[in-house]
Amino acid sequence: MLDLKTIEKLDSKSVGFFRFKKLNGDYLLTNDIGKYAFLSETDFKKFITGKLNRKEKIYQGLKKNLFIKDKNYQAQLIEKYRDKNRFLKFGPSLHIIVVTLRCNHNCVYCHASAGKTDDKSLDMDMATAKKVVDNIFKTPNDAVAIEFQGGEPLLNWPVVKFIVQYAREKNKLEKKNLQIRFVSNLSVMDEEKMNFLLNNEVNICTSLDGDEETHNYNRVYLDGNSFKQAVNWIKKIDKAYKAKYKGKKKNYYRVGALITVTRKTLANYKQVIDTYIKLGFKTIYLRYLNPFGFALNAKDKIWYTPEEYIDFYKNALDYILEKNYQGRHFYDFMAVTYLIKILFNKDINNLDMRSPCGAGIGQLAYNYNGDVYTCDEGRMISRMGDEMFKLGNINKNNFEQLINNDLCKSICLASCTDGQAGYEDNVYQPYIGICPVYNYSVYNNIFQAPKNNVKYMIDEAIIEYLFIKLKNRKNKDIFTEWVEKSQTREIYR
Amino acid sequence: MTDNKSFRFKIKDNLLEFKINTKIYSLSAVYQAAYLFLDKVYILLDGDPQKEVVVIMKEKSSFASASAKAMADKKASEDKEPVDLEKIAGEFYNELLNQLLREKVSQTNAKIREYIVSQALYNAVPNEVDELLKEVEEEDWQEDPLGIAKTWEEQNLEGKKSKKGKMSKKGK
């Protein structure tokens, strides 16, 4: 245990800034650039009093990871801190377009509160679509990702087609690193549409909630079997991708899949993971429910307590690790997002897990009617009748007006963990993110201290579990491999 | 009533009370430590900040950790055991030491951290002043076609020199 004498003898000349916590008997230390170290209590005391032997491995490790001040300390920290926060300089790269709010599914958790299939007033028109693309290319960011979200975008196919073609054409002049992603339930996909998307290098992503029973429980589709439709197209598209890019690209695209964890998933986690592996996926993204849209009306059917989700996550991660011990390369994307921060000290474009979050400064969401929101979550709140996160409209406001305003600045401030009570001294501060939209939805305030904050409770538990696992060398090697493999799939911006 | 001499705290009617010497522990360390217990107990700080702070804690009727709108109906609190105030007191004392160390580390590194962050972000984000300077440098004012950037002396001296030159030419 720490004592006053040790604290009084703090060697301020050699000890650099660090945060700490006692975790499973050892002290976990982190610093501003996200480096970490585990020290036994004896070594921790030696470290803070400057009594570690300089020739020892522990001292050298702490020095290398910039916990100990030496002549290179300042210059190295400046460089690494800049690198960790380099996304601040670029502007929004992720642009979410809702070409329609119509959907042919009635998912129990629909965060977007999708509308009826025949309500065409929820479709984006061509003129709005053109203005959206023009606005997207005004971003100062060299990397641009256009992501179709819904509703089900296949229901407004002519506008999807126009946006893809217009963006590709426009990019011949703009020469940005352009990625286009298409998120669909695939239920009304056909060969022609698939070939168009493949020919235009559009990444296709679908919702897959695991095994057939779990998926169809969550994703209600009255015109057929949602699971079978999705799986059928996943296989078809993967096959077409492979044929198209065979021998041309080292890492040809594959269909991506997103899972939303509901109460039904908790007990079925093994079947869910097995289904993903069986279908050839290398990753799963064990996302928890958000308190938006229809999810709020289905409490008894789908919700769980934070503790229940945390238990589920730990079990699922252990199961995934077990698969890796057996030689199967498979990882959870949420774990990898944190591991990239922990092991590589970088922040990827997982925008609600970042400080400050991506709202406005990293992403923009364009609704079918041209309304622009800080983020997709902000757009979801709008569907619930609250325009709190609306930045403007594409027909009335230019790019600068959409970004340079008080709302954007407030969200940025609210999601910055630096200096915020409960975060500033927190050992996980370099890794954790805040979602002001989540805070607003649950606590009616974009600022919400971590204590009593359910999202924080879950995120902290996940990070802590990853650190506990990291103490084992075998796990660390597996985690490092996950991060390295994932890097070929992501844009670092 | 529990009166623990070694730790010097009292527990009565679900109220935990203890005193902290502010000559040993700074007020900010007390605040920070108290903050970490907000989810478990209600906290009142009293006493004389110059000498001794009195910390009074009251058990929350229900553990409000799962207060999210959507999760409210399934509060984790329902299954939780009541808060052990004696344990809380011990944890608070430990946390005071942690906070004291955090405060010292933070204070002794404050200036260098400020410098590092400002240097790192100064170069990461395009600076408005830099942009303006760049614009100014790119402008053609340095050519000064109207001669307005010259001082009175420069203009007159040049004028005289040229007049002299011309005159001398003429004289020749």
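These legends walk you through several close-up views of a two-chain model.

Residues are numbered from 1 along each chain as its sequence is written, and chains are lettered from A and ligands numbered from 1 in the order in which they are written. Please keep in mind that this is a predicted model, in which local features need pLDDT of at least 70, side-chain atom pairs count only at pLDDT 80 or more, and totals for chains, interfaces and linings use all residues, while side-chain values use heavy atoms, with hydrogens and water left out.

**View 1. The open sheet of chain A.**
Welcome to a mixed sheet of nine strands in chain A, with the order E10-E8-E7-E6-E5-E4-E12-E13-E14. At its edges stand E10 (286–287) and E14 (390–393) of chain A, each with a single partner strand, so one side of each has no neighbour in the sheet. Strands here are DSSP runs of E with at least two residues, helices are runs of H or I with at least four, and both are numbered from the N terminus. Two strands count as paired if DSSP finds at least two bridges between them. Further in, strand E5 (residues 143–149) and strand E6 (residues 177–184) of chain A pair in the parallel sense over six bridges. Look for A:Ile146, whose bridge partner in E6(A) is A:Ile180.

**View 2. Strand E4 of chain A.**
How many residues of strand E4 (residues 94–98) of chain A are buried? Five of the five are, so the strand is largely enclosed by the rest of the structure. Buried means under 20% relative accessible area, exposed means over 50%, and partly exposed lies in between (1.4 Å probe, protein chains only). One side of E4(A) carries A:Leu94, A:Ile96 and A:Val98, the other carries A:His95 and A:Ile97, and all of them are buried. E4(A) also runs parallel to E5(A), joined to it by five bridges. Within E5(A), A:Gln149 is the bridge partner of A:Val98.

**View 3. Where chain A meets chain B.**
Here 52 residues of chain A are in contact with 42 residues of chain B, contact meaning heavy atoms within 4.5 Å. The area buried between the two chains is about 4200 Å², with carbon and sulfur atoms giving 67% of it; buried area is the accessible area (1.4 Å probe) that two parts lose on being put together, summed over both. Three salt bridges are counted between chain A and chain B, each being a side-chain nitrogen of Lys or Arg within 4 Å of a carboxyl oxygen of Asp or Glu. Several elements of chain A supply at least two residues each to the side that touches chain B, among them helix H1 (4–8), strand E1 (19–23) and helix H13 (306–325). The largest share, six residues, comes from H4(A).

**View 4. Salt bridges within and between chains.**
Over all chains, a search of the whole structure finds 34 salt bridges. In one of them, the side chains of A:Asp32 and A:Arg19 meet at 3.0 Å, N to O. A:Asp32 sits in the loop between strand E2 (26–30) and strand E3 (36–39) of chain A, and A:Arg19 lies in strand E1 of chain A, 13 residues apart. A:Asp32 is buried at 15% relative accessible area, and A:Arg19 is buried at 1%. Another pair crosses between chains, from A:Glu424 in the loop between helix H17 (406–414) and H18 of chain A to B:Arg113 in helix H3 (residues 110–124) of chain B. The closest N and O atoms of A:Glu424 and B:Arg113 are 3.5 Å apart. In chain B, B:Glu95 forms a salt bridge with B:Arg102, the closest N and O atoms being 3.0 Å apart, and both residues are buried.

**View 5. Backbone details in the loops.**
Most residues other than glycine have a negative phi, and most peptide bonds are trans. From A:Gly150 to A:Gly151 the peptide bond is cis, with omega near 5 degrees. A:Gly151 belongs to the loop between E5 and helix H6 (157–174) of chain A. The bond from A:Ser355 to A:Pro356 is cis too, with omega near -10 degrees. A:Lys175 has a positive phi, near 55 degrees, and is exposed at 67% relative accessible area. In chain B, the phi of B:Asp13 is near 50 degrees, and this residue is found in the loop between strand E2 (9–12) and strand E3 (15–21) of chain B.
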